[in-house]
Amino acid sequence: MIIDWGNFTPWSALVGGSLIGLSAALLFRSYGMIAGISGLLGNLIAGERDRVGWRAMFLLGLIVSPGLWLLCTQQGLAPVGPVQSGPRDWAIVGVAGVLVGFGTRLANGCTSGHGVCGLARFSKRSGAAVLSFMASGAVTVFVTRHLVGG
């Protein structure tokens, strides 16, 4: 994985993080719901009829907003932040996706729900989940870089 830090500025991270926090706070204050993406998507796919509209719009916003950012900043298709390259094998990506999905069900939520919303509410369960996510990530990086040689 190659990371180019030459284009990184802390301002984009500060603005992006602030917008994520604002959207999570507005969702919680407006609907009393946690902005956990796996839960939003899972309930939408399961056909839960309660508040389908806002769930679909929230998820659509996640998909559309990067394109709007590129249009507004006139970046075109140029990378905005650090450039990363990941695995090129779709089988690896598919297995990783299944493992992430399994992990979110096991943890009763994803990084956005636990990390952004749960920690803000001082949830002990979210603290344990975030520590598990971070430890798993650190172990994965160590194994892939130092043991497997990726």
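Student: Leaving aside its neighbours within four places in sequence, which residues is H114 in contact with?
Tutor: This is a predicted model, where local features need pLDDT of at least 70 and side-chain atom pairs count only at pLDDT 80 or more, while totals for chains, interfaces and linings use all residues. Residues are numbered from 1 along each chain as its sequence is written, and side-chain values use heavy atoms, leaving out hydrogens and water. Contact means heavy atoms within 4.5 Å. With those neighbours set aside, H114 is in contact with A107, N108, G109, L119, R125, S126, A129, V130 and F133.

Student: Is H114 buried or exposed?
Tutor: Buried means under 20% relative accessible area, exposed over 50%, and partly exposed in between (1.4 Å probe, protein chains only). H114 has a relative accessible area of 3%, so this residue is buried.

Student: Which backbone oxygen lies 2.8 Å from a polar atom of the H114 side chain?
Tutor: A polar contact is a pair of N or O atoms within 3.5 Å; within protein, one must be able to donate a hydrogen and the other to accept it, and residues adjacent in sequence count only if both atoms are side-chain atoms. For the side chain of H114, the backbone oxygen at 2.8 Å belongs to A107.

Student: H114 lies in helix α5. Which helices are included in what covers the buried residues of α5?
Tutor: Helices (H or I, at least four residues) and strands (E, at least two) are DSSP runs, numbered from the N terminus. In α5 (residues 111–120), the buried residues are S112, G113, H114, C117 and G118. Their cover includes α1 (10–31), α2 (37–45) and α6 (124–147).

Student: How many disulfides are there?
Tutor: A disulfide is a pair of cysteine sulfur atoms within 2.5 Å. By that rule there are 0 disulfides. C110 is in none, as its nearest cysteine sulfur, that of C117, is 8.8 Å away. C110 is buried at 9% relative accessible area and C117 is buried at 8%, but the disulfide count is still 0.

Student: What is phi of F122, and where does F122 lie?
Tutor: F122 comes after α5, and at 73% relative accessibility F122 counts as exposed. Phi of F122 is positive in a residue other than glycine, near 60°. The location of F122 is the loop between α5 and α6.

Student: Where is N108, and is N108 buried or exposed?
Tutor: N108 also has a positive phi, near 60°, in a residue other than glycine. N108 sits in the loop between α4 (90–106) and α5. With 55% relative accessibility, N108 counts as exposed.
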